[in-house]
Amino acid sequence: MLPALLAIGYFVVSEGHLLSADILLTLFQTNYEEIKAYLVEQNMPLWGASVFVLLVLCVALGRLITKLQTPVRHTKCFVFVILFLAYLFIGVLPRHSSCFVLNMIIRVQETLQSYKDYNATKAIRQAHLQELRKVLKTDNAEGLHVLVVGESTTRGHLGAFGYKLDTTPWLSGLLQNPSSKVKTIIYPHAYSSNIATVKSVQFALTEQNQYRDKSLADSYSLTEIASAGGYDTYWISNQKQFNYDDIPITGIANGAAKRNYINDYVGHKTLTTYYDEKLAEYFPKHEAGKKTFIIFHLMGCHAVYIDRYPSSFDFFKDGADQRVNQYDNCVRYNDYVLSLLYQKAAAEPDFMSFTFLSDHGEDPDKGLTHDFSKYTWNMPRIPFVTIFSKKYAQKHQDVVQALQANHKAYWTSDLLYNLMVHVLGVRNISAEDPQLDLASPNYAMTKDMLMVAEGTFYIKDDDIQDPDLE
Ligand SMILES: [Zn+2]
């Protein structure tokens, strides 16, 4: 009865939204502080009333069942109780599937199991990597590459992507006054493959994607493949390490030879010790002639927005909605953080590429964060940017030209792996899939084929036409 009652309870307190496996999974990946922050934003009287009603319902049913000691006299009552329980368990919110609650529990179990498998198969994957090293094509692997994974930054709030406010002075400057030293490309039709951080980062940074049938356990991560290709790989994060320590982001991070979590609140709080700009101080030394691949994981624009930027970045104050003002300040601060990381990278003589994307978006305009039960299209719309050095653009004209030609193509972030291995020049010839590779002239994915959350939503249903950016 309890799962069914919880589903109904969530339906009531969320004002008409369905509980889903993705929401339950976040419980395993979150911590006490996050749960507290979530509860603070909820309608507490409604929660209280719902809990009260649930308790009354449980007690009433319990008493009814104990009264049924003489079922002959209470046949109608007995039948009612049985039917009611059956309805709760099987028929709850039947618009999804025949057994909503059971399916949800199965999906949660399967996902947690896949996380366990991922870690359990680490040794096997590493043995395969040893073999793979022999067939990897690494002629094009060289220099310094940087990948920045943002957090909760929605494309529609970036000035460079057409937002009404100049929230991206640095990026817009690069686009408006193109430097002769670098080639900057932005992608106005990029979406995250999921709106939950763990799933979205997992799919972006591993071979796994929504369009080919490959389990997480069988998928190499970008850190593993870059290391196998001879790169010194770094994972530098301002996010906490998760409580549930089997989750794949930790596994992916562990594929990097060197890891640095600058957030001292590891596992305990959503607070950060430092603002994201601190990451620039941890930019690793890159020796000329060596191969270096650095992944930065930002705290970005994760709620609570005002905690994400210093007071000197309190720039937008005049908007009617204070929350949106703070979000825009976050985005503008994020642009500043990117500029710091980029400057460090570009100062290196053999700088090759700088890539930025957000793990998923957010919907501050509707007072929402990123939540499956209140899904809007601002949640999977993400900024995606690639910057190549002149040196790289000259040497790998094919890559840069294909990306330029495809920059308006529709794309989901689970295809980042395919793009990055190509850019890094570490390619497993036997596993190449040019139809999924944005850096290939044969990229073939269209709006009709692309999806979010493994087919829960289709990009073709996005309700807003994005501005046609050149
Ligand atoms: Zn996230």
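Analyst: The following conversation goes through the model above, topic by topic.

Analyst: This is a predicted model, in which local features need pLDDT of at least 70 and side-chain atom pairs count only at pLDDT 80 or more, while totals for chains, interfaces and linings use all residues. Residues are numbered from 1 along each chain as its sequence is written, and side-chain values use heavy atoms, with hydrogens and water left out.

User: How many helices and strands does the protein chain have?

Analyst: The protein chain has 15 helices and 13 strands. Both are DSSP runs numbered from the N terminus, with helices (H or I) having at least four residues and strands (E) at least two.

User: What share of the residues counts as buried?

Analyst: Of the 470 residues of the protein chain, 55% count as buried. Buried means under 20% relative accessible area, exposed means over 50%, and partly exposed lies in between, using a 1.4 Å probe and protein chains only.

User: Where do Thr197 and Asp359 lie?

Analyst: Thr197 lies in helix H9 (residues 197–204), and Asp359 lies in the loop between strand E8 (351–358) and strand E9 (384–389), so the pair ties together parts that are 162 residues apart in sequence.

User: Is Thr197 buried or exposed?

Analyst: Thr197 counts as buried, at 13% relative accessibility. Asp359 also counts as buried, at 3%.

User: Now the cysteines. How many disulfides are there?

Analyst: A disulfide is a pair of cysteine sulfur atoms within 2.5 Å, and by this rule the count comes to zero. Cys301 is in no disulfide, and its nearest cysteine sulfur, that of Cys330, is 4.5 Å away. Cys301 counts as buried at 0% relative accessibility, and Cys330 is buried with a relative accessible area of 1%.

User: What can you tell me about Met299?

Analyst: Met299 is in the loop between strand E7 (292–297) and helix H12 (322–346). Met299 is buried, with a relative accessible area of 5%. The C-alpha atoms of Met299 and Asn238 are separated by 5.7 Å, although these residues are 61 residues apart along the chain.

User: Which peptide bond is cis?

Analyst: The peptide bond from Ala303 to Val304 is cis, with omega near 10°. Val304 is found in the loop between E7 and H12. As background, most peptide bonds are trans, and most residues other than glycine have a negative phi.

User: Where do residues other than glycine have a positive phi?

Analyst: One of them is Ala453, with phi near 55°, and another is Glu454, with phi near 50°. Ala453 is in the loop between strand E12 (451–452) and strand E13 (457–458), and Glu454 is in the loop between E12 and E13 as well. Ala453 is buried, with a relative accessible area of 1%, whereas Glu454 is partly exposed, at 43%.

User: Next, how do H8 and H12 pack?

Analyst: Helix H8 (residues 169–176) and H12 pack at an angle of about 60°, with their axes 7 Å apart. Axes are lines fitted to C-alpha atoms, for helices over the stretch in contact, and angles run from 0 to 180 degrees between N-to-C directions. The angle makes H8 oblique to H12. Angles under 35 degrees count as roughly parallel, over 145 as roughly antiparallel, 65 to 115 as roughly perpendicular and the rest as oblique. The contact is made by Pro169, Trp170 and Leu171 of H8 with Arg332, Asp335, Leu338, Ser339 and Tyr342 of H12.

User: Finally, how many residues of helix H15 are buried?

Analyst: In helix H15 (residues 416–424), nine of the nine residues are buried, so the helix is largely enclosed by the rest of the structure. Just after H15, Gly425 takes a positive phi of about 75°.

Conventions
Contact = heavy atoms within 4.5 Å.
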